[in-house]
Amino acid sequence: MVSKSTIGGLALLLAALLAGLRIMSTTDAERTAAAGIAPLAVSTPSAVVFSRGDGEEVRIVRSGGGWALASPESGRADPAVVGGVLAALAGGGVRDRITPRQRAGRGLALEDFGLAPPVASVTLSFAGMDDFQIDFGIESPGGGVFAKSSASDDVLVVPRSAFDALPSSLDACRDRALVPSAGEPPVAFEIRRRGEVPTKVERGADGQWAVAAPFPLPADQEVAERACAALAGRNIRRFVVSPGTNETASAALRLAHGLSPEEAAVSVAVWTREGSFPEVFFFGDGDPSDAGSVFVSSSDGMVFTVDENLTEAVSPTLDEIRDRRIFAFSISDVDSFSVRSAGRERVELRRDNAGAWAFASPSPAETEEKAVDGYLAHLLSWCDTAVRMDSASDPAALTANGDGFAVSFRLRGAEEPLEYAVVKCLPEETAPFWAAKIVGRESPLRVLDDLADPATALSDASLAALRSRTVLTLSGAAVEAVAALDADGRAFPLGAAAAAAMLGLVSNFNAQATCAISSPDPSAWGLLPPRAQWSFSTSIPERPVVILQMGAALANGSVFVRVKGDNAVFLASAADSAVLESCAGAVAKEGEKDEKGE
């Protein structure tokens, strides 16, 4: 206990010293203010020893890229604690110095500064150099702390923050994260729940997580990252047994609290580097002395407790960690996609250089841009309700009568497209269901939820709705002649009024709807043969002749139309149908006159 008179003397001494500092040379004053507490490269020690006046000494050594406890117990050291001390020693400026002569002149010994014995000490070891030690004493007047280093006999006044950075105990030096809180994040982890198939998740070269076992699946990135964050968080509540300190006690605890591989409710293996051995954690029973916590043992023999909620946080189920989306990418990732089914031409859409969508097959055509984005958004929202990988999960074995589609996506930057089989399964033991599976690689069959409705989404009608409703665009300046064609292909020039009406229509002929983009049976629309057709001779080199055909009419007055040579079938509005019908009537009259020889 330092007496009041001693503290008073120290205060007077500091005041005198401060007065003396005013007459120091500018160079000396700047050197004193800029000097760190440790005049060494404190970022490079090979070992750090902390000791307190109570006699507890903790030795920490470098281990790989981190720090490890060497004594009195082993285990990982908290890199933030060690780094904080080293930063404080390197950056904490020396406020004042009291030389041995000044202390002797005032009858002050190291005991008066709390430095013999010291309140706390730090020793830094360096390869090929003497150890550097700094002792900390009592608080100095003005809010600093007295200290003394092995490099000088002077008593220093240093910032209180340097002393406060020292760990208070062995427990304060421990890394409280399950996996090292410094360094690279985990590259893989495997979750085992008692009685269930293990789930392994791996991080790819692109940084994305994927389920590797029990079968390959895309992973939900947020769920995987949350599990990693829980593993790396400072979640250890109490250290019970350290590695190598008491094997008997450790074995007894593991046996008593369900911490063996056979009895643990959950175990998590973590790989921090590719090809490394995993660190395994076994989650057992609750700690009766600490409500809300459970015992955990690690593969190195340590036993500790964590919050009971951590068990669920680090061990999501397969249903939780897999990305339930069938197509696990975004609209912006897709450069092209196609749909194909039995008896139907492949329908493919691609982005152009400007990012706009266009039909590439069955024939080039423009699209309704917003409709394509909405359609893709629907496809990419498909999710599964279950996964299957067994002898009965082959689509061919489960599909009857060829009910199914092939859906392919080419993603930006990918060399090969991803192709999926989307099939209606008719197993004998259950009700029919739709499922999807990646083609050409080992992957499970994924049962689709009811919202997907592939039969509708991949139908001709849904794909046709993506095509632009523009039937024909011909400017009057480009049209040299307009004629009607009869069933035998004979041409009948239109009268002036009918020709003008047709030119007005085809200058910007937009249909009410696109009915089909590929029609294997034009007769279904009344287009084989057509009820009427017209030819337009043009000055366009690549389209010298364009033939417009009219098919069956509906009760509401609308009519089916198409451009010959194009696969698309459109539904013209009642108003546009009236123009076509009037022109068809005029042609019929001209044909009757021709037959009579008039």
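Predicted model: local features only at pLDDT ≥ 70, side-chain atom pairs only at ≥ 80, totals over all residues.
Let us begin with the nine-stranded sheet. Its strands follow the order E13-E12-E11-E10-E15-E16-E17-E18-E14, and the sheet is open with antiparallel pairing. At its edges you will find strand E13 (217–218) and strand E14 (236–241); each has a single partner strand, so one side of each is left without a neighbour in the sheet.

Five of its six residues are buried, so E10 is largely enclosed by the rest of the structure. Buried here means under 20% relative accessible area. On one flank, E10 runs antiparallel to strand E15 (residues 266–271), and six bridges join the two. The hairpin made by E10 and E11 has five residues between the strands, and in it Gly195 takes a positive phi near 85°.

Stepping onward from E11, we reach strand E12 (residues 209–213), which is antiparallel to E11 and joined to it by four bridges. Lys200 has Ala213 of E12 standing opposite. Now look for helix H7 (residues 221–232): this helix lies across E10, E11, E12 and E15, and runs at about 85° to E12.

The other sheet has seven strands. This open sheet reads E30-E29-E33-E34-E35-E36-E32, and its pairing is antiparallel. Strand E30 (491–493) and strand E32 (513–516) are the edge strands, each pairing on one side only. On average, neighbouring strands of this sheet are turned by 35° against each other, direction ignored. At the E30 end, strand E29 (residues 479–485) runs antiparallel to E30, with three bridges joining them. Ala484 has Phe492 in E30 as its bridge partner.

Is Val506 buried or exposed? Its relative accessible area is 0%, so Val506 is buried. Which residues surround Val506, once neighbours within four places in sequence are set aside? Its contacts are Leu472, Thr473, Leu474, Phe536 and Leu548. Val471 also deserves a look: Val506 and Val471 are 35 residues apart in sequence, while their C-alpha atoms are 8.1 Å apart in space.

In soluble globular proteins, nonpolar side chains tend to be buried together. The largest nonpolar core in this model has 35 residues, and those touching the most other members are Phe327, Phe329, Phe337, Trp382, Phe409 and Leu458. Both strands and helices contribute to this core: among the elements that each supply at least two residues are strand E19 (334–341), strand E20 (344–351), strand E24 (399–411), helix H11 (369–379) and helix H14 (460–464).

Phe337 lets us see these surroundings from one side chain's point of view. Not counting residues up to four places away in sequence, Phe337 touches Val347, Glu348, Leu349, Trp357, Val372, Tyr375, Leu376, Ser408, Phe409 and Leu466. Apart from this core lies another, of 33 residues, including Leu178, Ala219, Leu231 and Val314.

Conventions. Residues numbered from 1 in each chain as written. Heavy atoms only, no water. Pairing = 2+ DSSP bridges. Axes fitted to C-alpha atoms, helices over the stretch in contact; angles between N-to-C directions. Buried < 20%, exposed > 50% of the residue type's maximum accessible area, 1.4 Å probe, protein only. Contact = heavy atoms within 4.5 Å. Core = buried A, V, L, I, M, F, W, Y, C linked by side-chain atoms within 4.5 Å.
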